[in-house]
Amino acid sequence: MEHPENHTDYKGLTVNSGVSQPPVVNPYLKRRKKRSLPSAGELVEGILAGDITRLSRAVTLVESTAPDHQALAQEVIEKCLPHSGNSRRIGITGVPGAGKSTSIDVFGLHVLKSGGKLAVLAIDPSSERTKGSILGDKTRMERLSVHPNAFIRPSPSAGSLGGVARKTRETIVLCEAAGFNNIFVETVGVGQSETAVHSMVDFFLLLQLAGTGDELQGIKRGIMEMADGIVINKADGDNINRAQLAQAQFRSALHLFPPTASGWQPEVLTYSGYYELGIPEVWDMIDRYFAFVSENGYFEKRRLQQARYWMYETIDEQLRRHFYDNPAIAAALAEKEQRVLDNRQSSFTAARDILDIYFASGNR
């Protein structure tokens, strides 16, 4: 379009036409070829050689929901399974703000002083609205994240703690095959995740705080019964007396619980993750636990119980997935849901009708 300013009526005024707009896509940009999936043999060979890149690629396949990725991941896990089981698996939980990430940072550095390798698997909470996760655990593990013998892998819970827990357990197998002889599993610190993580670790460490109100709120029967050790963080400065008082309260509470299946009496210690006070004492407690359960045979017994537990969990998950992926079910669910919302049918009879459809389609 011509500029009106260039008309002869406007003498002495000229407007240049300018330059043509560049294309939206950079012409010098080379299209990346989609990377082909490595074979199971290549991944296993890299994992057994301690190749972090191959290990990370395999973990990504484990976390993927794509059918071809899942098939490849399961093949890799099966081949890595004979090389796993040679680590100490430690679950670390606590309420948000208890200092889990900071504690893992200092605990991890303490462990690595004596050699070996450490893998940290963190289950990060996902937003119920956006389903997104920050995955920012590495930023709070400043020194451990750059250590050459440490591998930190955060995974989003994505609203399904059961599914993430299974993937975390499979990731443990891969990390052990890669030579990591210490595994830390950090929970999201809310409810059901503790039970899931407890079912895949050898030692369950509960982090608590003092001076934040009623310490008795921290004495919850479920989580206390799962804990093999309790440590009260931020026992420094003016908070030392409050931490010692909380320590006495937790010790008294533990005596009210029935004996543990392992025969081990959980201990209560105080420490400061920020100032790195009491770290060796906490780790000495964990060493004593492993020596105790190895001697009385509970270590191997618990590993076998966990393997059986995850077999049934996998069956439940596969049945659930098969149910919802059934085309007949997908069609019936929308109709039955609307009938329930319109108060034309009860939730129970609607569920029964949907199950009848599922079994009638040949899934008996």
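View 1. Lys-79 is partly exposed, with a relative accessible area of 39%. Partly exposed lies between buried (under 20% relative accessible area) and exposed (over 50%), using a 1.4 Å probe and protein chains only. Glu-75 is also partly exposed, at 39%. The two form a salt bridge, with their closest N and O atoms 3.5 Å apart. A salt bridge is a side-chain nitrogen of Lys or Arg within 4 Å of a carboxyl oxygen of Asp or Glu. Both residues lie in helix H3 (residues 67–80), 4 residues apart, about one turn of the helix. Helices (H or I, at least four residues) and strands (E, at least two) are DSSP runs, numbered from the N terminus.

This is a predicted model: local features need pLDDT of at least 70, side-chain atom pairs count only at pLDDT 80 or more, and totals for chains, interfaces and linings use all residues. Residues are numbered from 1 along each chain as its sequence is written, and side-chain values use heavy atoms, leaving out hydrogens and water.

**View 2. Glu-63 and Arg-153 form a salt bridge.** Their closest N and O atoms are 3.2 Å apart. The pair links distant parts of the chain, 90 residues apart. Glu-63 sits in helix H2 (residues 52–63), and Arg-153 in strand S3 (residues 150–156). Glu-63 is partly exposed, at 24%. Arg-153 counts as buried, at 15%.

**View 3. Asp-342 forms a salt bridge with Arg-344.** The closest N and O atoms are 3.5 Å apart. Asp-342 is partly exposed, at 39%. Elsewhere, salt bridges that share partners join Asp-105, Arg-143 and Glu-276 into one network.
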